[in-house]
Amino acid sequence: MNSWLMLRHPALGPAENMAWDEALLEAAPEPFALSHPKAHSPAPPMDPVKSRSGCPVLRVYSWSEPAATFGYFQKYFDVESLTRLRPLIRRPTGGGLVPHDADWTYSIVMPPGHAWYSLRAIESYRRMHDWIRAAFAELDLSTQLSPVAIQGASAQCFIGASECDVVLDGRKLAGAAQRRTKTGLLIQGSIQPPAGIQRSDWESAMLRVGTRDQGASWENANPGVSLQERVCHLAKSKYSQPAFNRRR
């Protein structure tokens, strides 16, 4: 067994949700023990304070208002006509346009020392979605991982399917995007809720499968003041700013 942190958030604003995921990625080597950010710096990296070894974090969250996010490398003007949802926020990860008006969202952060961090991107993607598939199996819902791309590539995440996406009756149910840095690995995922399954039941199934298949020993996360201040800084100075969201 190895220690994992579980972080459940109430509904937050779109910029704050993206800021949390980036702040957790920065914190991955030493979660929740971070130096205080300098107020004059626009988006300073954070140096970990040596207090505990890094461990994976599973974060589940929702949205205080309808929104859409799009991949870090997408062009704003290519995606703005594809959805009426606003605000339209650039993610710290890649991938396509994702609507957040009814989905279930989560993120996983892996520290550099974890075996998952060293996996190739497609292997990491498959491992994440096999976890989700197994959680649905716990709830008597039979889903599959798409063996190949379906209906070709699209700027919209849930049009068609990529290899290793979770599909149900040929329709994409879950997709994700990744970002790997020297501080860790971030996976951001979205699930289109299947009929007849409650989100709370799915979250509980994810924890059970995590214990069984990932060897996770779960601990409730308790983010400190420094991390929360970092989140506020990123939300205000980056993810809520048109200069960032429309940068390309």
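**Close-up 1. Tyr 61 and its partner in strand 6.** The bridge partner of Tyr 61 in strand 6 is Thr 105. The model shown here and in the other views is predicted. Strand 2 and strand 6 are paired in the antiparallel sense, with 5 bridges between them. Strand 6 covers residues 104–110, and strand 2 covers residues 57–63.

Close-up 2. Leu 12 stands opposite Trp 63, a residue of strand 2. Strand 2 is mostly covered, as 6 of its 7 residues are buried. In a regular strand, side chains alternate between the two faces of the sheet.

Close-up 3. Pro 29 is 84 residues away from Gly 113 along the chain, and the C-alpha atoms of the two residues are separated by 8.1 Å.

**Close-up 4. Two cysteines, Cys 55 and Cys 232.** Cys 55 has a relative accessibility of 7% and is therefore buried, this value being under 20%. Cys 232 has a relative accessible area of 41%, so this residue is partly exposed, between the limits of 20% and 50%. A disulfide is a covalent bond between the sulfur atoms of two cysteines. With sulfur atoms required to be within 2.5 Å, the count of disulfides in the model comes to 0.

Note on methods. Residues are numbered from 1 along each chain as its sequence is written. This is a predicted model: local features need pLDDT of at least 70, side-chain atom pairs count only at pLDDT 80 or more; totals for chains, interfaces and linings use all residues. Side-chain values use heavy atoms; hydrogens and water are left out. Helices (H or I, at least four residues) and strands (E, at least two) are DSSP runs, numbered from the N terminus. Buried means under 20% relative accessible area, exposed over 50%, partly exposed in between (1.4 Å probe, protein chains only). Two strands pair if DSSP finds at least two bridges between them.
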